Amino acid sequence: MASERQSDFQRGFRSLAAGVHRRRTLTRALTFAGFGLVLGAVGALAMWALRLGHERPFGFCLGVLGAAIGGYVGTRRRWSDRDVALYLDARLGSHETLTTALHAETDGASEPALSHVVERAAGVLENADRAHVKPRVWSRVHALVPLGAAAIVA
C-alpha cells in the first residue's frame with residue numbers, strides 16, 4: 001500500500017513539475033523575445049535613419065533570436081525538484097508536505113512516519129487545483145513583444 005501511494009505521489013508530482021517547468025520556460029522565452037524585438041526596433045530605426053529601409057525587416061530576427069535564447073536559458077536554468085516542491089507547497093498551502101515527501105522518497109527511508117507523509121502528500125496532489133498552481137506566464141515586460149513588433153513595422 002505504501003509503495004502504491006508513493007507511486008501516486010511520484011506520478012502526481014512529476015505531472016505538476018512538468019507544467020511548472022514548461023510555463024517558466026515560456027515566460028523566459030517571452031521576456032527575451034520582448035527585449036530582442038525592442039533591440040530590433042532600435043536597429044530598424046537606425047537603418048531607417050541611415051536610409052537602409054530594405055534591411056529593416058531583419059529587426060524581427062532579433063526577436064526570434066531573443067525567443068530562442070530565452071527558450072534555451074529556460075531549459076538550462078530549470079528549478080530543481082526541491083525548488084518545485086517548495087513552490088507547490090507554497091501555492092497549495094501544504095506546509096512543506098511535498099518537500100518532506102520528496103526528500104523521504106529520494107533517501108529511500110522506510111520509517112512509518114515518512115510513509116504517512118508520502119500518503120498525505122499524495123492526497124494533497126490529488127486534491128490540487130491545477131489552475132491554481134500554475135506559475136504566471138504573462139507579466140508587464142511581455143508587453144514589449146507587440147510594442148517592439150509594431151515599432152519595427154512602423
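Select T25. Leaving aside residues up to four places away in sequence, T25 touches G70, G71, G74 and T75. T25 itself is found in helix 1, residues 2–49. Its relative accessibility is 18%, so T25 counts as buried; the cut-off for buried is under 20%.

Before going on, colour by confidence. This is a predicted model. The mean pLDDT of the protein is 83, and 93% of its residues reach 70 or more. Which element has the lowest mean pLDDT, and which the highest? Helix 2, residues 59–76, is the lowest at 80. Helix 3, residues 81–92, is the highest at 92. One caution while you look: where pLDDT is low, predicted coordinates should not be read in detail.

Next, the aromatic rings. How many aromatic pairs does the structure hold? There are two. Select F9 and F13. Their ring centres are 5.9 Å apart and the planes meet at 25°, so this pair is stacked; planes under 30 degrees apart count that way. Both F9 and F13 lie in helix 1. They are four residues apart, about one turn of the helix. Buried or exposed, F9 and F13? Both are buried.

Now select W79 and Y87. The ring centres of W79 and Y87 are 5.5 Å apart with planes at 50°, so the pair is tilted. Stacked needs under 30 degrees and edge-to-face over 60, and the rest count as tilted. W79 has 26% relative accessibility, so it counts as partly exposed. Y87 has 16%, so Y87 counts as buried.

What sits over the ring of W48? It is the charged end of R51, 5.9 Å from the ring centre. Turn the view until you look down onto the W48 ring.

Last stop: G12. G12 has 14% relative accessibility, so G12 counts as buried. G12 and A128 are 116 residues apart along the chain, yet their C-alpha atoms are separated by 9.6 Å.

Definitions and conventions
Residues numbered from 1 in each chain as written. Predicted model: local features only at pLDDT ≥ 70, side-chain atom pairs only at ≥ 80, totals over all residues. Heavy atoms only, no water. Helix = DSSP H or I, 4+ residues; strand = E, 2+ residues; numbered from the N terminus. Buried < 20%, exposed > 50% of the residue type's maximum accessible area, 1.4 Å probe, protein only. Contact = heavy atoms within 4.5 Å. Phe/Tyr/Trp six-rings, centres within 6.5 Å; stacked < 30°, edge-to-face > 60°. Lys NZ or Arg CZ within 6 Å of the ring centre and 35° of its normal. pLDDT = per-residue confidence, 0-100.
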